[in-house]
Amino acid sequence: MTESFHRSGEYENPYEGQQQAPVNPEWPPPPAYAPAHAPHSKKRGRGPFALIAAVAIVAAAIGGGTAYGIQELTGNDTVASSSTSTTVVPSSQKGTVAGVAKAVSPSIVEISADSNAGSSTGSGVIITSSGEIVTNNHVVAGASQIKATTSDGKSYTAKVVGTDSKKDLALIKLENASGLKTATLGDSAGIQVGAQVVAIGSPEGLSGTVTSGIISALDRDVTVPTEEGQDQGQQQWGQGQGQDGDQWPFEFGGRQFNGDTGSDTTTYKALQTDASLNPGNSGGALIDMNGNIIGINSAMYSPAGQASSSSDAGSVGLGFAIPINTVKADLAKLRAGSTD
């Protein structure tokens, strides 16, 4: 994946004035010295922050219109959609991380994907009781076998329904599933900088991990490679167990990290959060304090450079999520079997 940013009312950005570069899924803030090399990156800026620590972006492991308080039909299932003022959390725990975690965790799954390039672990969000799940395209790209495990430990085989590499989104469907707890999709257009959020996913394969933070910026331009632009070792990301331990490549602040993003890239607007995201969080949920899904976690920075050991990587508070309104606008296309 790749990611780059354009400001929009957030924390001061040390990269301002420098050329943008792609970003990889999941990010923490840049360190204190420049990366050793930046394939395809433009001339490096010489501002006061030129000596920035090498930052590796790890795919977190890191749309149209407002929500209308309606439900979208899909067979016998419905996708719950609400405004961010709708409260999913019990009134006795409203506004608490514990309340959000209890209400939403049953709607988050761990995804394991196997391909010729290796295996990866990511996360997904259940949107229908029969097992439709939204996740990142980079979590399931090129997978020959996909399994999903719910919060109660049940495991299902899953098939890809549709993908959209331009938005890094995918829709998968569990086989022989019914009666699942579904998430409520909120309205990312109503989110403000400073709003508290909760992230739920399976970082490093640790299912159901809950972290919290705030929205630190809006409308960040995140640039990532599309599936066609990756090499075999970079097709899957998740927990970072692809060929040679490659992590998802990305561009940010005019520099490239985690390998060459190639010439085939895409840029999408992302929510920036300081909620801790790590490899395996990709495809998981970013949630407001009412329990509504406002984003799909997709990327993070890690100061580990090109390190292949997960022990050298970790969140430093700079993560990104695809706004849920982008997801909702893409659902019909994904359900129709898109392979873009």
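Asp164 and Lys333 form a salt bridge, with 3.5 Å between the closest N and O atoms; a salt bridge here is a side-chain nitrogen of Lys or Arg within 4 Å of a carboxyl oxygen of Asp or Glu. Asp164 lies in strand 8 (residues 155-164) and Lys333 in helix 3, so the pair ties together parts that are 169 residues apart in sequence. This is a predicted model: local features need pLDDT of at least 70, side-chain atom pairs count only at pLDDT 80 or more, and totals for chains, interfaces and linings use all residues. Residues are numbered from 1 along each chain as its sequence is written, and side-chain values use heavy atoms, with hydrogens and water left out.

**Salt bridges**

- The whole structure holds 6 salt bridges.
- Asp164 also pairs with Lys167, the closest N and O atoms being 3.6 Å apart.
- Asp164 is buried at 0% relative accessibility, where buried means under 20% relative accessible area, exposed over 50% and partly exposed in between (1.4 Å probe, protein chains only).
- Both lysines are partly exposed: Lys167 has a relative accessible area of 29%, and Lys333 has 31%.
- Shared partners join Asp164, Lys167, Asp330, Lys333 and Asp340 into one salt-bridge network.
- Arg335 forms a salt bridge with Glu132, with closest N and O atoms 3.0 Å apart.
- That pair spans 203 residues, from Glu132 in strand 6 (residues 132-135) to Arg335 in helix 3 (residues 324-335); helices (H or I, at least four residues) and strands (E, at least two) are DSSP runs, numbered from the N terminus.
- Glu132 is buried at 8% relative accessible area, whereas Arg335 is partly exposed at 22%.

**Nonpolar cores**

- The largest nonpolar core has 33 residues; such a core is a set of buried Ala, Val, Leu, Ile, Met, Phe, Trp, Tyr and Cys residues joined through side-chain atoms within 4.5 Å.
- Val104, Val125, Ile127, Val134 and Ile293 have the most contacts inside this core.
- A second, separate core has 15 residues, including Val139, Ile146, Ala158 and Ala177.
- Val125 touches Glu132, Val134 and Ile293, among others, not counting residues up to four places away in sequence; contact means heavy atoms within 4.5 Å.

**Positive phi outside glycine**

- Asn176 is not a glycine, yet has a positive phi of about 60 degrees.
- Asn176 sits in the loop between strand 9 (169-174) and strand 10 (184-185), and is exposed at 80% relative accessible area.
- Glu204, also not a glycine, has a positive phi of about 55 degrees.
- Glu204 is in the loop between strand 11 (196-201) and strand 12 (209-225), and is partly exposed at 25%.
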